[in-house]
Amino acid sequence: MTASQRREQLLAVSRRLFAEKGFDGTSVEEIAQRAEVSKPVVYEHFGGKEGVYAVVVDREIQALTAALMGALTSRGHPKVLLERASLALLTYIENSEDGFRILVRDSPVAQATGTFSSLIGDVATQVATLLRSQFRDRGLDPKFAALYAQMLVGSVALTGQYWLDARRPPKAEVAAHLVNLAWNGLSHLEKRPTLHEQPPSRA
């Protein structure tokens with residue numbers, strides 16, 4: 001086995017372990033044992049668990065970023081772009097279940113920082129740009145576009161986490177329902193929404 005082949009083998013083994021046990025639950029010893037090598041081989045290639053984890057996460061982020069940004073930067077009506085982005089995320093989950101588990105386990109959407117939440121923030125920025133023009137066309141205040149973008153992207157990301165384990169209904173139906181809620185909701189936005197019951201003011 002060449003050095004590059006060994007490196008790829010260690011990455012594949014580590015990816016599976018990180019998906020099963022998370023970063024904290026995985027040890028260099030386990031990686032070496034499952035790859036049927038000695039611990040020094042892992043250190044030689046990656047310098048330790050942190051090194052191999054960084055490479056695994058970076059690859060997953062690149063793959064998911066390419067899929068999502070490719071959907072959002074293509075041509076088409078905003079509703080179609082939303083459909084494409086939803087399907088892109090679900091397809092990534094379908095094809096890279098271990099990778100998505102790694103991203104959401106150690107960097108959940110709710111965290112303020114972290115690789116997955118940073119990616120979601122980048123996607124939300126892209127969506128906000130699309131929404132601003134839609135808001136202007138509909139007579140809505142474009143300053144709220146960024147807020148709505150966070151809502152949209154967050155709902156898609158969290159639905160993806162749910163679907164990771166549920167896998168029902170099929171991804172095309174999930175994407176259709178996501179777009180149904182998001183787009184039909186956006187289509188009937190009130191210009192100045194208010195709550196029916198106002199929260200009590202602090203004394």
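Predicted model: local features only at pLDDT ≥ 70, side-chain atom pairs only at ≥ 80, totals over all residues.
In α2, which spans residues 28-35, the buried positions are Val28, Ile31, Ala32 and Ala35. These residues lie on the same side of α2, because they cover an arc of only 95° around the axis.

On the face of α2 that is turned away from its buried side, the exposed residues are Glu29 and Gln33. Just after the helix, Glu36 takes a positive phi of about 60°.

## The largest cavity

Rolling a probe the size of a water molecule over the atoms shows where empty space is left. In this model, two cavities of 30 Å³ or more are found, and the largest cavity has a volume of about 270 Å³. Its lining is made up of 20 residues, and those that lie nearest the centre of the cavity are Leu72, Leu82, Ala85, Val127 and Val153.

Which helices each supply at least two residues of the lining of the largest cavity? They are α4 (49-72), α5 (78-95), α7 (115-137), α8 (145-166) and α9 (171-187). Sorted by class, the lining of the largest cavity consists of 19 nonpolar residues and one polar residue, with no charged residue.

## The second largest cavity

The second largest cavity holds about 50 Å³ of space. The residues that line this cavity are Leu131, Gln134, Phe135, Arg138, Leu140, Trp183, Leu186 and Leu189. By class, six of the residues in this lining are nonpolar, one is polar and one is charged.

Two helices, α7 and α9, each supply at least two residues of the lining of the second largest cavity, and the largest share, three residues, comes from α7. Both α7 and α9 are also among the helices that each supply at least two residues of the lining of the largest cavity.

Are Arg16 and Glu20 buried, partly exposed or exposed? Arg16 is partly exposed, because its relative accessible area of 38% falls between the limits of 20% for buried and 50% for exposed. Glu20 is likewise partly exposed, with a relative accessible area of 36%. The pair also belongs to a network of salt bridges in which Arg16, Glu20, Arg34 and Asp98 are linked.

## Salt bridges between helices

Lys171 and Glu94 meet through their side chains in a salt bridge, at 2.8 Å from N to O. This pair links distant parts of the chain, since Lys171 is in helix α9 and Glu94 is in helix α5, 77 residues apart. Lys171 counts as partly exposed at 22% relative accessibility, and Glu94 also counts as partly exposed, at 37% relative accessibility.

A further salt bridge is formed by Arg101 and Asp165, whose closest N and O atoms are 2.7 Å apart. Arg101 lies in helix α6 (residues 97-106) and Asp165 lies in helix α8, so the pair ties together parts that are 64 residues apart in sequence. Within this pair, Arg101 counts as partly exposed at 22% relative accessibility, whereas Asp165, at 55% relative accessibility, counts as exposed.

## Thr91 in helix α5

Thr91 is placed in helix α5, the helix that also holds Glu94. With a relative accessibility of 25%, Thr91 counts as partly exposed.

Key
Residues numbered from 1 in each chain as written. Heavy atoms only, no water. 1 Å grid on protein atoms, 1.4 Å probe; cavity = no way out; pocket = protein on both sides within 12 Å on 5 of 7 lines; lining within 4 Å. Points joined across faces, edges and corners; volume = space filled by probe spheres on them. Helix = DSSP H or I, 4+ residues; strand = E, 2+ residues; numbered from the N terminus. Nonpolar A, V, L, I, M, F, W, Y, C, P; charged D, E, K, R; others polar. Buried < 20%, exposed > 50% of the residue type's maximum accessible area, 1.4 Å probe, protein only. Arc of directions from axis to C-beta. Salt bridge = Lys/Arg side-chain N within 4 Å of Asp/Glu carboxyl O.
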